[in-house]
Amino acid sequence: MKKLILSATVAALIGVASMSAMAANSGLVGVVNVQKIFMASPKVAAQKKTLMAKFATKKDQMQTAQAKLKTMLAKYKRNRTVMSKTQQQQAQTQLAGQQTKIMQMGQLFQQEAAQAQAKAMGGFIKQLQTAAASVAKKDHLSMIIPAHAVIYSSKTMDVTSDVAKAFNG
């Protein structure tokens, strides 16, 4: 097992070293800050605004349901000493039902929002890949690597602004 781990580590180091040597010798590697492009992109901001509007109603419904639960709980706490056992059980059942409803609404909301965001980001990733490919072709680069995957790179290797221009086109 130790030999397998050692072999994998050596192979990874050789791979990184050969990539580094290739990058140093050929200068055909670019680095792009994807997060910076997405944060500054009007297209991404517009999509975020659209998604926020799309899910605003569901968010409001959840907040209303949470406020109702809070009110029900406060009423129960205030009146439980004068309630009969049956009334207490009914109130507890209603509270549990409301809490379950909120949890289900929250889970559904999160799933739908995550799916919509993933779909939108998938489109943006394809557009980013196309933009990066056009910059790579124009600048005769063999490869463009995300900045978060690079420990160090020269500022001359940064093609973020060019890719951002192509992305926002």
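What pLDDT does the protein average, and what share of the residues score at least 70? The average is 85, and 84% of the residues score at least 70; pLDDT is the predictor's confidence in each residue, from 0 to 100. Over residues 1-18 the pLDDT is below 50, and beyond near neighbours in sequence this stretch has zero contacts (heavy atoms within 4.5 Å) in the model.

This is a predicted model, where local features need pLDDT of at least 70, side-chain atom pairs count only at pLDDT 80 or more, and totals for chains, interfaces and linings use all residues. Residues are numbered from 1 along each chain as its sequence is written, and side-chain values use heavy atoms, with hydrogens and water left out.

## Rings that pair up

Rings of Phe, Tyr and Trp (its six-membered ring) pair if their centres lie within 6.5 Å; planes under 30 degrees apart are stacked, over 60 edge-to-face, and the rest tilted. That gives four aromatic pairs here. One of them is tilted: Phe38 with Phe167, 5.7 Å centre to centre and 55 degrees between the planes. Phe38 lies in helix 2 (residues 34-40) and Phe167 in helix 5 (residues 160-168), so the pair ties together parts 129 residues apart in sequence. Helices here are DSSP runs (H or I, at least four residues), numbered from the N terminus. Both Phe38 and Phe167 are buried, meaning under 20% relative accessible area (1.4 Å probe, protein chains only).

Phe55 and Phe109 make an edge-to-face pair, 5.9 Å centre to centre with 90 degrees between the planes.

Phe38, Phe124 and Phe167 form one aromatic cluster.

Terms used: Helix = DSSP H or I, 4+ residues; strand = E, 2+ residues; numbered from the N terminus. Buried < 20%, exposed > 50% of the residue type's maximum accessible area, 1.4 Å probe, protein only.
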